[in-house]
Amino acid sequence: MVDGEEKASLKLRLREKRYETERLMREKRSEDMDVLEEVFDKSTLMIIYRLLNSGILKKIFGTVKAGKESRIYSGEDSNGKDIAIKIFLVGTSEFRKGMLKYIEGDNRFKKIPRSTRPLIYLWAKKEFRNLSLANEARVRAPKPIYVNGNVLLMEFIGNNGIPAPLLKEAVLKNPTRVYKKLMIYIAALYKKANLIHGDLSEYNVMVLRGRPVLIDFSQGVNVDHPLAHELLKRDIENLNKFFERLNVEIEPFESIYRSIIKKNGERS
Ligand SMILES: Nc1ncnc2c1ncn2[C@@H]1O[C@H](COP(=O)(O)OP(=O)(O)OP(=O)(O)O)[C@@H](O)[C@H]1O
Ligand SMILES: [Mg+2]
């Protein structure tokens, strides 16, 4: 009898605990929505509500990083897996001017929207596509999950909702290995994905378990883009400069470039 009573009271306590957790979760979610409401316009909020209702996204936690042009949040999918949510801010005309440079001339985008919002939607889609291409080329980058309007969901790079450090702040055990891997990634992007990242530096590489992960692909261009060569050079030189400071023996741009544009089987 006592056993039965104890069991019942334990059950009750567990149920209360579950309700309490659910209540806290609801509060947390609405607090997050309050924060989102201060930052985003109505159509962005509608997209996020729809994602939450459809179950693609189960929870949104706090901001991982607030940049000039986008905000990254951490969240969870319906299986409890961490997810990164990148929301592009709609509305700055400076951003629009900056974006056009990387869209005009990319032969994947024939029709370029005139107004800002559709252009930003295209920008988010471009990042989604570039992330898919990078992953297909076996370049380590967040796996894209979903894009709708200015909201992009992708694999979370980090552990337990804590983002991995950027290359800029990471302590590398073997910097030479990381450098070499990055040069392999640049070549694989070019050769297999016809893609140039276009904004590579120690700020757009994360380091997870000692290995580099390329992020922030929205400005990535096709190799036939008029600025392709210039952007590839800048990407390589940015990384060269960074690793030179770590005393890594770097390869000069010209020799990297020659080996990248060399056709398979051709000798340099
Ligand atoms: N998939 C991810 N998982 C975890 N954290 C991420 C992910 N993608 C980006 N971040 C974090 O968010 C930051 C900003 O992301 P990203 O570089 O894509 O945006 P951004 O538009 O360049 O922002 P900024 O305007 O600050 O340069 C990154 O530096 C990184 O710390
Ligand atoms: Mg960035």
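How do strand β3 and strand β5 pair, and over how many bridges? Strand β3 (residues 82-88) and strand β5 (residues 151-155) are antiparallel and share five bridges.

## Basis of the report

This is a predicted model, in which local features need pLDDT of at least 70 and side-chain atom pairs count only at pLDDT 80 or more, while totals for chains, interfaces and linings use all residues. Residues are numbered from 1 along each chain as its sequence is written, chains are lettered from A and ligands numbered from 1 in the order in which they are written, and side-chain values use heavy atoms, with hydrogens and water left out.

## The sheet and two helices

Strands (E, at least two residues) and helices (H or I, at least four residues) are DSSP runs, numbered from the N terminus. Two strands count as paired if DSSP finds at least two bridges between them. Five strands form an open sheet in the order β1-β2-β3-β5-β4, and the pairing is antiparallel. At its edges are β1 (59-66) and β4 (144-148), each of which pairs on one side only. From one strand to the next, the twist averages 25 degrees. Within the pairing of β3 and β5, A84 stands opposite M154 in β5.

Two helices lie across strands of this sheet. Helix α2 (residues 42-54) lies across β1, β3, β4 and β5, at about 40 degrees to β5. Helix α4 (residues 116-136) lies across β3, β4 and β5, at about 165 degrees to β4. Axes here are lines fitted to C-alpha atoms, for helices over the stretch in contact (heavy atoms within 4.5 Å). Angles run from 0 to 180 degrees between N-to-C directions.

An N or O atom in the side chain of K86 is 2.7 Å from an oxygen atom of ligand 1. E155 uses a backbone N or O atom, 2.9 Å from a nitrogen atom of the ligand.

The magnesium ion (ligand 2) is coordinated by N204 (OD1) and D216 (OD) at 2.2 to 2.3 Å. N204 is in the loop between β8 (195-196) and β9 (205-208), and D216 is in the loop between β10 (211-214) and β11, 12 residues apart. Donors are N, O and S atoms within 2.8 Å of the metal (3.2 Å for Na, K and Ca); water is not among the atoms, so sites may look incomplete. A polar side-chain atom of N204 also lies 3.2 Å from an oxygen atom of ligand 1.

## Buried and exposed residues

Buried means under 20% relative accessible area, exposed over 50%, and partly exposed in between (1.4 Å probe, protein chains only). N204 counts as buried because its relative accessibility is 7%. N130, in helix α4, is buried at 0%. Its side chain reaches the backbone oxygen of F217 at 2.9 Å. H225 lies in the loop between β11 (221-222) and α6 (228-245) and is buried at 4%. The side chain of H225 reaches the backbone oxygen of K101 at 3.3 Å.

N160, in the loop between β6 (158-159) and β7 (162-163), is exposed at 74%. N160 has a positive phi of about 45 degrees although it is not a glycine.

Technical notes. A polar contact is a pair of N or O atoms within 3.5 Å; within protein, one must be able to donate a hydrogen and the other to accept it, and residues adjacent in sequence count only if both atoms are side-chain atoms.
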